[in-house]
Amino acid sequence: MMAVLVGCKTPPDSPALTGTPNPPDPLSKGEGTAHMALENIDSLMWKEPDSALAVMMEFAGSPKADSLDAYNGHYCQLLVSELLYKNDYGQSNRTELLQAIGYFDSLVRQAPPLKGGQGDSKTISNQNHTIAFLDARAHYMNGVGYYERDSVVAACGEYLKALEIVETHFPNVETRRATSLQPNHLPRFMALTYGRLGDLFSGQFMQEPAIVCYKNSLVFSKIEPTSANGIANLMSHLGNQYSILQQMDSAGYYFNEAFKYLADTNNLAYRDLISGLALYNYYSGKSVESAVSDLKRMATQTKDEDERLTRFFTIGSIYFEIRQFDSAMVYLTRVFENKDNVVMKRGAARSLRDIFQVKGDTLKATQYARYQVENPALEAESNRQVSQLNDLFQQHLQWEQERAEAERQQAAKLRRNRMIVVVSVLVVVAALLAWLFYKRKMQQQRDEASQQMEAVQEAHRLEKASMSGRLKKSNQELRELKDQMRQQAGNGAPKQEAQAVSFNDEPICRLIMERVNEGQFKAQMDCKLYQDYALGKEQVMALREAADRHFNQFTVRLAKAYPNLTKGDLDYCCLYLLGLSDADVSALMQRAYNTVSERSRKIKTIFGTEEPLSVALMSFANGSASI
């Protein structure tokens with residue numbers, strides 16, 4: 001390992017070491033191209049990390065490793081950190097990795113412009129993509145380093161940073177197979193990063209973020225699998241998360257799907273799947289003995305003590321829930337005495353305390369209770385950590401929404417620009433055609449004038465009778481044409497538009513229902529996401545006028561019958577008259593769902609009814625004296 005760290009030295013003039021804020025463009029100095037040996041090691045690492053580590057150690061001891069430029073020196077250190085991680089070694093080159101992050105960050109911020117004399121633009125574009133991918137990998141490995149040091153929040157921030165770098169520089173990562181350096185590894189990298197985030201959130205019992213990350217990892221794993229059992233493992237994790245949330249239909253679906261993708265049964269993925277399915281069966285009300293038997297069988301198949309203790313914690317928790325306290329004590333005591341995981345240790349202590357209280361052993365119950373009391377800071381720190389992780393995840397979701405909106409606006413701008421170009425081309429073509437037509441017309445006129453001059457004498461010899469006959473015929477045709485024009489003018493008079501047959505047929509009502517059907521509004525979503533569907537003041541007024549027109553001054557009668565209704569309440573009543581839900585009204589009026597729900601309860605209180613507002617208001621509109 002020391003040969004690797006000594007061999008791949010960062011050059012002394014590296015901007016990451018000297019503190020230069022903006023390193024020079026690597027392409028301008030002939031740098032920025034991966035060393036052939038490093039490129040081969042990188043390619044081998046994705047398939048055989050142990051063999052790649054052996055090749056790296058051999059390269060580090062060669063003279064070539066002493067002559068690396070800044071770019072390849074930092075690239076080498078990134079590969080070292082990845083090889084250590086993939087071969088289960090600790091991150092011993094952390095200082096060099098942090099320098100590589102600073103270097104690649106600077107290159108990404110200072111993306112080389114497409115200038116003449118720097119080579120083909122496609123080559124430069126591929127180089128920029130390669131640098132961005134290396135930068136994302138560096139941040140991912142920084143997250144690994146933080147995680148190894150139990151800095152979960154910092155690790156989460158680095159994983160999310162890696163995702164944002166990729167999503168910024170590779171907007172179509174699902175279909176675009178990465179860079180010229182690693183043609184098929186970008187989807188796999190995304191799957192691994194989302195998978196790490198899913199494991200991180202799952203470990204903190206944050207099921208909803210974990211589900212989002214596992215599902216995203218599943219999307220990319222189906223493009224480029226991370227391992228033979230990678231997809232099965234992700235589906236098993238999703239089943240576990242839904243099982244914890246007591247969403248048993250979803251849990252059962254993913255557990256069943258996991259078996260379809262399972263390559264073999266002698267691995268951790270299989271044991272996790274069987275254990276998760278056993279817990280699912282227990283929560284679903286099936287045989288407790290069968291669930292416990294499966295968990296015990298999985299515990300005996302592992303040689304890893306930490307995994308075995310995890311199975312014991314699940315077994316002990318089930319025995320505790322069904323009040324078989326003697327059996328629960330056997331497993332939970334082993335977990336409490338040997339497990340490093342604080343969450344499981346505290347859970348075991350809590351159950352053991354309750355067991356000894358039931359048994360009347362106050363001394364031991366106090367012993368386990370004291371562990372809870374002596375470590376209050378652990379729970380406070382855990383809660384603070386969960387809050388910070390949730391904040392980071394929400395900020396990332398907000399970033400993704402803003403990026404998606406920016407891309408949508410950019411696409412719209414691009415469409416507008418294309419339309420402008422097309423229209424401009426059409427205008428130029430039309431002008432050219434008009435000019436050609438004009439020239440041709442002028443030439444025809446000159447030819448016709450010449451022919452007319454030649455035919456003048458012949459025209460004067462026409463017989464007067466023939467001329468008179470043609471004149472009469474021409475006058476008759478003219479009169480017929482005028483009659484036709486007058487008749488067409490009479491038939492073309494605008495007709496008054498018929499009034500709508502019913503309230504629901506009113507244009508404003510049709511508009512509102514089209515928006516509701518198109519938007520499919522959800523109560524749990526922020527109403528600001530539906531701004532494009534909001535109603536303006538004129539549209540709300542049009543709705544009131546339609547209601548008054550079809551239901552005998554509906555709002556006037558309603559206000560008179562119930563003086564406590566405000567003007568805004570009357571507007572809401574018109575919306576409920578259409579049969580809309582609170583979620584629909586929240587989106588259309590751009591008010592928080594809780595605010596709309598509270599107003600609907602207030603209106604019901606004024607009416608003194610428990611019926612749905614749409615039913616009560618329609619009854620009033622159709623002639624009932626009161627609701």
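**Ground rules.** I worked with a predicted model, where local features need pLDDT of at least 70, side-chain atom pairs count only at pLDDT 80 or more, and totals for chains, interfaces and linings use all residues. Residues are numbered from 1 along each chain as its sequence is written, and side-chain values use heavy atoms, with hydrogens and water left out.

**Entry 1: helix H24.** I looked up helix H24 (residues 567-577) and found nine of its 11 residues buried (under 20% relative accessible area, 1.4 Å probe, protein chains only). Helices here are DSSP runs of H or I, at least four residues, numbered from the N terminus. Among the buried residues of H24 are Asp569, Asp571, Tyr572 and Cys573. The buried residues pack against H21, H22, H23, H25, H26 and H27. After H24 comes glycine 579, with a positive phi near 85 degrees.

**Entry 2: H21 and H22.** Next I checked H21 (residues 507-519) against H22 (residues 537-550): their axes (lines fitted to C-alpha atoms over the stretch in contact) come within 9 Å and cross at roughly 125 degrees. The contact (heavy atoms within 4.5 Å) involves Ile508, Cys509, Leu511, Ile512 and Arg515 of H21, and Gln539, Ala542, Leu543 and Ala546 of H22.

Entry 3: Beyond its neighbours within four places in sequence, leucine 200 contacts Tyr147, Val152, Ala155, Cys156, Tyr159 and Leu389.

Key. Axes are lines fitted to C-alpha atoms, for helices over the stretch in contact, and angles run from 0 to 180 degrees between N-to-C directions. Helices (H or I, at least four residues) and strands (E, at least two) are DSSP runs, numbered from the N terminus. Buried means under 20% relative accessible area, exposed over 50%, partly exposed in between (1.4 Å probe, protein chains only).
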